[in-house]
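Take a walk through this protein, one region after another. Keep the sequence and the 3D view side by side.

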Amino acid sequence: MSELIVSKFGGSSVATATQIKKVREIVADNPNRRIVVVSAPGRSQASEQKITDHLFNIATDGAHFHEQRINIPVVDSKRAVVERFRQILADLELSDDTLLDSLRADLECKLTGERRIAFLASRGEHYNARVIAAHFSQSGMAAEACLPEDFGFVVSEQFLDAKLLNDAYGNVQRLAETTCSECIAVIPGFYGITPAGEVAVFSRGGSDLTGGEIAKGVDAASYENWTDVSGVFEADPRIVSEARAIPRLTFKEIRLLSSKGFNVFHLNAMLPCKERKIPINIRNTNSPQDPGTVILSERVPEEEAIVGVARLDNVAYIYLEKDMLGEEIGFTAELLGILRDFNIQTFHFPTDKDDIAVLVNQDDLTGAINDLRRQIEAKLKPDEMDVVYNLSILTPVGLGLQGNSYPIVDALSALGKAHIPIAMIDQSPSQICFHIGVQQSVADDALKILYRTLIG
């Protein structure tokens, strides 16, 4: 294990010159922060669109915003991207007309199809890394923009959902042994380079993936994920005002929380760190004194029985009833296959002798429910089929739940006393979380009750 710390800064952390100056101070504060991974600039104000969204709009000839019913022509997106970088350069007192000329040329990219989308989508990270490295250098910190095309961050040819190739790890290690011994390496997130030398991007949010893979490649002492929140909170602080940042979580706990609404960072970004047992520290760029949340391979479960309560909205369940369906071999597989064919995300499917309920992403049913119902009725011939909409799934998570059913009893009792009807309850096979479904209209109250009963 090296002493290197890999520090990834999200879009809100590098949105403006003011934020970039905070990043410089954070990096300068610890000499082991030798690898910095950066996102594209995020929103500088709430009314703006993200730079990456503007880039997707350019790449799709305006279709990206049109599909969201946002009226922003391609020419305006190009102007917004160039103006943001011009403003950042000016505020950092960096004179680099060459960089802006290069950016303008890239925005006129002549590639087609997925290659065009991948190349243009990557430009936010590409140019932000160059700007930030220049700012570090101008401020007296030896730094270099280390681009994937230069050091060999090699990925597959799935241009919009790339996967890192094994050769990349050796290239990352060589980068650490050479560049990082002399200066700070500033690496753009989100994209890599194919064996043929073409740009390919990870799935959206892929700067986290870059950070995790870089940390694995150098066997880092720690991977820091700097964002605009002071760690992972016990519950949504917008609803539960007294919720606190969780000091320690395991990889298993954070994945369960993230899959049920804790959108802290890309789930798959944790896997490379988990493999090497590299701690992940989620920190706040705007409050660097806060310790944040540390994600570890293990912790003592007695510290907290339940560490957090996640909430997932816009859930529906499809209920089927048919005599003896539990003994009909292949019934569940056929049902899940139909949902897969309609590209509908499923969460749980509790079943019994004569019925089954499948929890799905409600948004996936839009425009598809009529055809889906016809397919299910034609292929499975249920005696009854019903769809219940507008559910929220509340999920208490914690290692201390293993072999301990008392929190479940306490949760159901508290909700019952508050006269909140329960649409479903299910415990995970790992026994470190359970799921309670309620109508979305009472989810705020239910979340507060569960927090105060189980944690607060």
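Contact here means heavy atoms within 4.5 Å. Hold on to that cut-off for the residues below. This is a predicted model, so local features need pLDDT of at least 70 and side-chain atom pairs count only at pLDDT 80 or more, while totals for chains, interfaces and linings use all residues. Residues are numbered from 1 along each chain as its sequence is written, and side-chain values use heavy atoms, with hydrogens and water left out.

Start with Val6. Leaving aside neighbours within four places in sequence, Val6 is in contact with Ile35, Val37, Gly211, Ile214, Ala215, Val218, Ala220, Ser222, Tyr223 and Glu224. Val6 also belongs to a nonpolar core. Such a core is a set of buried Ala, Val, Leu, Ile, Met, Phe, Trp, Tyr and Cys residues joined through side-chain atoms within 4.5 Å. Buried means under 20% relative accessible area; exposed means over 50%, and partly exposed lies in between (1.4 Å probe, protein chains only). The largest nonpolar core has 95 residues, and Val6, Ile35 and Phe136 touch the most other members. At least three residues of this core come from each of domain 1 (5–228) and domain 2 (308–454). Apart from it lies another core, of 22 residues, including Val309, Leu415, Val438 and Leu447. In soluble globular proteins, nonpolar side chains tend to be buried together.

Now step back to the domains. Their bounds come from an automatic or database domain assignment. That assignment gives domain 1 (5–228) and domain 2 (308–454). The C-alpha centres of domain 1 and domain 2 lie 39 Å apart.

Next, the cysteines. A disulfide is a covalent bond between the sulfur atoms of two cysteines. Here a disulfide is counted when a pair of cysteine sulfur atoms lies within 2.5 Å. How many disulfides does this rule give? The count comes to zero. Cys183 is in no disulfide: the nearest cysteine sulfur, that of Cys146, is 6.1 Å away. Cys183 counts as buried because its relative accessibility is 10%. Cys109 counts as buried too, at 11% relative accessibility.

Where does Cys183 sit? Its place is in the loop between helix H9 (167–182) and strand S4 (184–188). Helices (H or I, at least four residues) and strands (E, at least two) are DSSP runs, numbered from the N terminus. Leaving aside neighbours within four places in sequence, Cys183 is in contact with Arg34, Ala142, Ala143 and Glu144. The C-alpha atoms of Cys183 and Glu48 are separated by 34 Å, and these residues are 135 apart along the chain.

Move on to Thr293, in strand S10 (residues 293–296). Is Thr293 buried or exposed? Thr293 is buried, because its relative accessible area is 0%. Thr293 touches Gly231, Val232, Ala245, Ile246, Pro247, Leu249, Ile280, Asn281 and Ile282, not counting residues up to four places away in sequence. Take Ile246: it is 47 residues from Thr293 along the chain, yet their C-alpha atoms are separated by 5.7 Å. The side chain of Thr293 also reaches the backbone nitrogen of Val232 at 2.8 Å.

Lys322 lies in the loop between strand S11 (308–321) and helix H13 (331–341). At 17% relative accessibility, Lys322 counts as buried. A polar atom of the Lys322 side chain lies 2.9 Å from the backbone oxygen of Leu380. Not counting residues up to four places away in sequence, Lys322 touches Glu328, Phe331, Lys353, Asp354, Leu380, Lys381, Pro382 and Asp383.

Finish with strand pairs. Two strands pair if DSSP finds at least two bridges between them. S11 and S12 pair in the antiparallel sense over seven bridges. Val315 stands opposite Asn361 in S12. Why is strand S12 (residues 355–361) called largely enclosed by the rest of the structure? Because six of its seven residues are buried.

Strand S15 (residues 434–439) is mostly covered, with five of its six residues buried. Strand S13 (residues 384–397) pairs with S15 in the antiparallel sense over four bridges. There, Ser392 has Val438 of S15 as its bridge partner. Strand S14 (residues 424–427) and S15 also pair in the antiparallel sense, over four bridges. Ile425 has Ile436 of S15 as its bridge partner. The hairpin of S14 and S15 has six residues between the strands, and Gln431 in this hairpin takes a positive phi near 65 degrees.

Methods
A polar contact is a pair of N or O atoms within 3.5 Å; within protein, one must be able to donate a hydrogen and the other to accept it, and residues adjacent in sequence count only if both atoms are side-chain atoms.
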